[in-house]
Amino acid sequence: MGSFSGSDLQSLSRYSHNFLGVDFHIHSNASDGMLQPKEVVKLAKENKIVALSLTDHDTVAGIKDAKDEANKSDILLVNGIEVSTSYNGKIFHLLGHFIDPDSNQIRSLVERYAVSRKVRISEMIDRLIELGIRVDKDEFDKTYEKVASITRGQLSYYLLTKGLVQSSHEIFSKYIGEGCPAYVELDCIASEKAIEMIVESGGVVTLAHPNLSESDDCIPNFVDAGLSGIETDHPSQSKADRIHYSRLAERYSLLEMGGSDCHGDRLKGIRIGSHLQRVGLISELLHRCH
């Protein structure tokens, strides 16, 4: 039961199996979100969410503070992470729920990405400077020195606040999006290895926003490696996407997952409270934990 804090699992019995009150995909400023972990939990409480998972990119640094607030707010907090992975030259994001953040596997993942992300952002800033974007590298490093997981999201936000670009769309489409001149690929762990490590840590694995990866042929191999769920309800997905991935979930006996992918107000407003999932998914996921 170490994967939980705040309200215990038994307290959810007062809600029906189909009650929509769980957000399985939320970010804080431990990675590229705008809100502190405690603020995330407070906002969840305001939106009548009864359970949530903090799934920051390649880090578990926000879980402790979120846990402290969940204890005060009578909210069930499920330990989580979103891991960037690579398979056949493409990037896939995997959500781990019910992980043990202190396990050797998760510690190894977190330490690996803490280094590779800093190296990547440093190289991207160098390329931006070569392109004539006057980034103050020392100021950027100082601004984000305490952030556990540095992503392109922080870099984009910094460029916007300094007036070096006009919009987030400009920075990603012209400079740091895939294939753009300042883009540097993140050194990612293999998808199947990441699945193995999450499972060994006591967690259960979901393929996040599969529509953004555009590679359905990987799913059978991921299932063989231990994949248990797939996001069929995500802000990026159309109705057709949801139908398509629901069918794949049925074909491969995967749980249909989802969440707001909230980053605070960085991405099209604060989305927490949208794309809520069934309370019953908590116990269904637990049954798939090793």
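A: A nonpolar core is a set of buried Ala, Val, Leu, Ile, Met, Phe, Trp, Tyr and Cys residues joined through side-chain atoms within 4.5 Å. This model is predicted. Its largest nonpolar core has 31 residues.

Q: Which residues have the most contacts inside the largest nonpolar core?
A: In general, nonpolar side chains of soluble globular proteins tend to be buried together. Here the residues with the most contacts inside the core are Val83, Leu207 and Phe222. Among the elements that give two or more residues to this core are strand 4 (76-87), helix 3 (104-130) and helix 9 (219-225). Helix 7 supplies the largest share, five residues. Another core, of 20 residues, lies apart from it and includes Ile121, Met124, Leu159 and Ala182.

Q: What is Leu207 in contact with, leaving aside its neighbours within four places in sequence?
A: The partners of Leu207 include Phe92, Leu94, Ile219, Phe222 and Ile230.

Q: Is strand 2 largely enclosed or open?
A: Buried means under 20% relative accessible area. Six of the seven residues of strand 2 are buried, so the strand is largely enclosed by the rest of the structure.

Q: Which strands pair with strand 2?
A: Strand 10 (residues 277-278) pairs with strand 2 in the antiparallel sense over two bridges, and Leu20 has Arg278 as its bridge partner there. Strand 3 (residues 51-54) runs parallel to strand 2 and is joined to it by three bridges; in strand 3, Leu52 is the bridge partner of Asp23. From strand 2 the chain passes through helix 1 (residues 37-46) to strand 3, a right-handed β-α-β crossover.

Technical notes. Residues are numbered from 1 along each chain as its sequence is written. This is a predicted model: local features need pLDDT of at least 70, side-chain atom pairs count only at pLDDT 80 or more; totals for chains, interfaces and linings use all residues. Side-chain values use heavy atoms; hydrogens and water are left out. Buried means under 20% relative accessible area, exposed over 50%, partly exposed in between (1.4 Å probe, protein chains only). Helices (H or I, at least four residues) and strands (E, at least two) are DSSP runs, numbered from the N terminus. Contact means heavy atoms within 4.5 Å. Two strands pair if DSSP finds at least two bridges between them. A crossover is right-handed if, with the strands pointing away from the viewer, the path from the first strand over the helix to the second runs clockwise.
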